Amino acid sequence: MSSVQSSSGQTAEAYDVVVVGAGFAGMYMLHRLRGLGFSARVYEQGGGVGGTWYWNRYPGARCDVESMQYSYSFSEELQQEWDWSERYAPQPEILKYANHVADRFDLRRDIQFNTRVERTAFNEHGKFWSVTTSDGRTVEAKFVVLATGCLSNARKPDIKGLENFKGPVYHTGNWPHEDVDFTDLRVGLIGTGSSGIQSAPIIAEQAKHLTVFQRTANFSIPARNAALTGEERDAFRRDYPEIRRFAREVARNGIFAEQPDRGALDDSDDVRLGKYAGRWERGGLTFMYVYNNLGLERSANDTAADFVRGKIAEIVKNPETAKLLQPNSHPIGTKRICIDTDYFATFNRPNVSLVDIKANPIEEITASAVRVAGKDHEVDALVMATGFDAMTGSVAKIDIRGRGGQTLNRKWEEGPKTYLGLMSAGFPNLFIITGPGSPSVLSNMIVSIEQHVDWIADCLVHMRRQGLATMEAGRDAEDKWVAHVNEVAQGTLFPQANSWYMGANIPGKPRIFMPYIGGVGVYRRICDEVAAKGYEGFLMGRAEQPQAAAS
Ligand code: N01
């Protein structure tokens, strides 16, 4: 850190880099920057590290990527010393891990907690960003890195009468830090995505009655969570070099698993059913990777969807409830597939009921009830598992002004535009980690975070060596990338679902498939090639005007 005289004549702190957010992306970015001798300041609105795992403390919250893989790979010592207790880590353990990382690498001294970045503006003359935070201070930075997370802007829906409800209203994405006790309470749960599906079984065990209000039935696969044995951990640790390499370079989703070599219709019905049954028993996200065309061809996808619908009918005893729980509105996997523990069986409990709010939307929330089709469902507490303004929501909350004072929100009015998901034209020296246009939420996030952080770190070193002051996405390169991201998505079944990937859960948000679905291995190669060609498609600037990078 150094001090500079600001335009108002006051002394401002100045850093090489300001990082926004101290989740897994912000923490690793800080660690790399420090190692390379850059001065850095991290601002975090929460009171601690961990990002999404700091906020999402709802009952049953756990990761849907196996813990041995949902962990940093940058430090051999770290990955050898940390003991994950379960196949899928529960939220408190992931948060403990994040805190361990912060302590182990002494990160906290450069993180300012409980501080939001409110606005940041690029000073074209001085080639730095002014960053203003919620404590009213402004600092300067040559670079800003948005490590704001993709699923950190919890969204309470605008339901008529919600403000009149007399009981507590919780959001899974912004859960209280103290214990919430539902004993003897009638609880209403709105939303049946991953968060609702994970929390329903736990709430049902505690509450007097749980009423689940379902707008869209969702596909969910059993997690088959279990304690990890010492042998399982050792096997992972021994094979980490290959597991990590595979996750980065080969797997489409950044997860080490066997890869499908055939399509669903290449097998006979019996063989196919046997494979689905095997994956169902094994549990977890890899259900969708039994065949290589489930995300591409509807006829193939239908075979997997039918299998899961059949399982729901087997598990849920009341046929009417089973029918309501069977998803029919989208191909399986085109909304983020859920991973659960006893979700469907929860509807066999006498204290759980399901209300269809697709056929009859919620009319109103009264002081003590949720009214649907003229009937009041009495509840003492409400849990909103209604999701996030994903991928762009957290960025949109910051007033970001680039060249000519243009705001990023204005530029992204019709959908996010980036080059490689890393930068947006007109916003020099502003990097985004796992932003729209990168594999991001379609992948094991930590794999994608590490790739972006390493790429940005290399890029900053390159600029320092070359004496470059600015870097920004070229408009042509950005347009081509946006078109490519769209084209790849259109070749899949994903745009057929009203998912948060498409921005469809936010009224008025443009319907654009936001993440890059080409796979993390392919994407990494593209990013590496761009860098190897002297950051092709980016504009580098020494003096007043940026110049096209070598191509
Ligand atoms: O949110 P969601 P989430 N009235 O958007 C419904 C990650 N994650 O928090 O589908 C009534 O998926 C909405 O209905 P519909 C994971 O990537 C991971 O559950 O829009 N209902 C839907 O049912 C995940 O995908 C983990 O028709 C309304 C639900 O609320 C992502 O976070 C755990 C409504 C929202 O589902 C988001 O998951 C948790 C309204 N006005 C989350 N508005 C793991 O790692 C919305 N809904 C396991």
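**Domain interface and ligand site**

The C-alpha centres of domain 1 and domain 2 lie 33 Å apart in this predicted model. Domain 1 comprises residues 2–153 together with 390–548, whereas domain 2 is formed by residues 155–218 and 340–387.

Contact between the two domains involves 13 residues of domain 1 and 14 residues of domain 2. The interface buries about 1,200 Å², and carbon and sulfur atoms account for 52% of this area. On the side of domain 1, 46% of the area buried against domain 2 is supplied by Arg-57, Tyr-58 and Pro-59, a share exceeding that of any other three residues. When the residues of domain 1 that touch domain 2 are grouped by class, 7 are nonpolar, 4 are polar and 2 are charged. Across this interface, 6 residue pairs are in polar contact, while 0 salt bridges are found.

The ligand is surrounded by 24 residues, of which Thr-192, Ser-195, Arg-215, Thr-216 and Lys-335 are the closest. Of the 910 Å² of accessible area that the ligand has on its own, the protein covers 89%.

Methods
Residues numbered from 1 in each chain as written. Predicted model: local features only at pLDDT ≥ 70, side-chain atom pairs only at ≥ 80, totals over all residues. Heavy atoms only, no water. Domains from an automatic or database assignment. Contact = heavy atoms within 4.5 Å. Buried area = accessible area lost by both parts, 1.4 Å probe. Salt bridge = Lys/Arg side-chain N within 4 Å of Asp/Glu carboxyl O. Polar contact = N/O pair within 3.5 Å; in protein donor to acceptor, adjacent residues only side chain to side chain. Nonpolar A, V, L, I, M, F, W, Y, C, P; charged D, E, K, R; others polar. Near = heavy atom within 4 Å. Areas by Shrake-Rupley, 256 points an atom, 1.4 Å probe, with all protein chains shown as cover.
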